[in-house]
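Please look at the sequence and the structure as they come up on the screen.

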Amino acid sequence: MTEVNSHEPRSQRDENISLLRGKLLLADEILEDGVLAWRDGKIIYAGIPEGLPEQIRSEALPLSVPERGLIVPGFIDIHVHGGNGEDFMDASPEVLDKITSFHSTQGTTAMLATSMTAPKERLDNVLAEVNRYRSGEMPYAQLEGVHLEGPFLVRNGLVRKIRNISYCLMYLGSKHGRSNILA
């Protein structure tokens with residue numbers, strides 16, 4: 001079976017159209033007999049076989065039909081600390097490639113690099129490395145940003161542990177007339 005989110009870097013993929021036929025999960029239904037078409041990792045058709053445009057059909061590689069399973073959209077992981085033996089807190093181009101390539105083989109197409117509560121210098125490094133990585137090709141699962149983990153707010157350079165974060169954010173927002181407070 002061909003995967004939409006291949007673990008090969010995008011630069012090694014080609015412009016051919018691939019087709020996969022089987023049980024297909026759509027936003028509002030499950031098609032028992034559906035077709036998914038994609039080119040270079042991007043879906044260009046999902047629906048019934050009879051609705052597949054002739055231009056796609058004529059340009060496509062031979063159809064793959066899995067023996068069983070369900071064709072689903074790629075997963076978006078908003079809380080992941082790493083993978084493949086690596087941790088986002090040790091961010092470097094090599095580490096980020098190892099993590100994102102591993103997750104792409106597991107069905108994840110996009111993710112947030114989740115940090116741990118750590119000194120500012122370590123968090124600054126994670127943010128800088130992820131930002132650098134995002135400005136490049138990102139050949140595997142896409143890093144959409146960073147989830148800064150920890151029940152802490154920084155105010156006037158002091159880190160304060162928050163026991164009731166929702167109350168605190170409402171209080172800070174109303175007291176200072178801000179609606180864009182980030183925690």
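What share of the 183 residues of the chain counts as buried? The share is 34%, where buried means under 20% relative accessible area, exposed means over 50%, and partly exposed lies in between, with a 1.4 Å probe and protein chains only as cover.

A word on the basis of these values. The model is a predicted one, in which local features need pLDDT of at least 70 and side-chain atom pairs count only at pLDDT 80 or more, while totals for chains, interfaces and linings use all residues. Residues are numbered from 1 along each chain as its sequence is written, and side-chain values use heavy atoms, with hydrogens and water left out.

Let me begin with the overall layout. The chain contains 4 helices and 10 strands; these are DSSP runs, H or I of at least four residues for helices and E of at least two for strands, numbered from the N terminus. Read from the N terminus, their order is β-β-β-α-β-β-β-α-β-α-β-β-β-α. Among contacts with a separation of 6 or more, 57% join residues 24 or more positions apart, a contact being heavy atoms within 4.5 Å. The chain exposes about 11600 Å², and carbon and sulfur atoms supply 53% of that area, as computed by the Shrake-Rupley method with a 1.4 Å probe.

β1 and β2 pair in the antiparallel sense over 8 bridges, pairing being assigned if DSSP finds at least two bridges between two strands. These two strands form a hairpin with 4 residues between them, and R21 has V35 of β2 as its bridge partner. Strand β2, residues 30–39, also pairs with strand β3, residues 42–47, again in the antiparallel sense, over 5 bridges. Opposite A37 stands Y45 of β3, and opposite L36 stands A46 of β3. The hairpin of β2 and β3 has 2 residues between the strands, and D40 there takes a positive phi near 50°.

Which residues have the most contacts inside the largest nonpolar core? They are F88, L96, V130, Y133 and L143, in a core of 17 residues. Such a core is a set of buried Ala, Val, Leu, Ile, Met, Phe, Trp, Tyr and Cys residues joined through side-chain atoms within 4.5 Å. At least two of its residues come from each of α2 (93–104), β7 (108–114) and α3 (120–134). The largest share, 4 residues, is supplied by α3. Another core, of 8 residues, lies apart from it and includes L19, V35, Y45 and I56. Beyond its neighbours within four places in sequence, F88 touches several residues, including V80, L96, I99, M111, V126 and L143.

Y140 sits in the loop between α3 and β8 (142–147). Is this residue buried or exposed? Y140 counts as buried because its relative accessibility is 13%.

Finally, L25 belongs to strand β1, residues 17–25. L25 counts as partly exposed because its relative accessibility is 31%.
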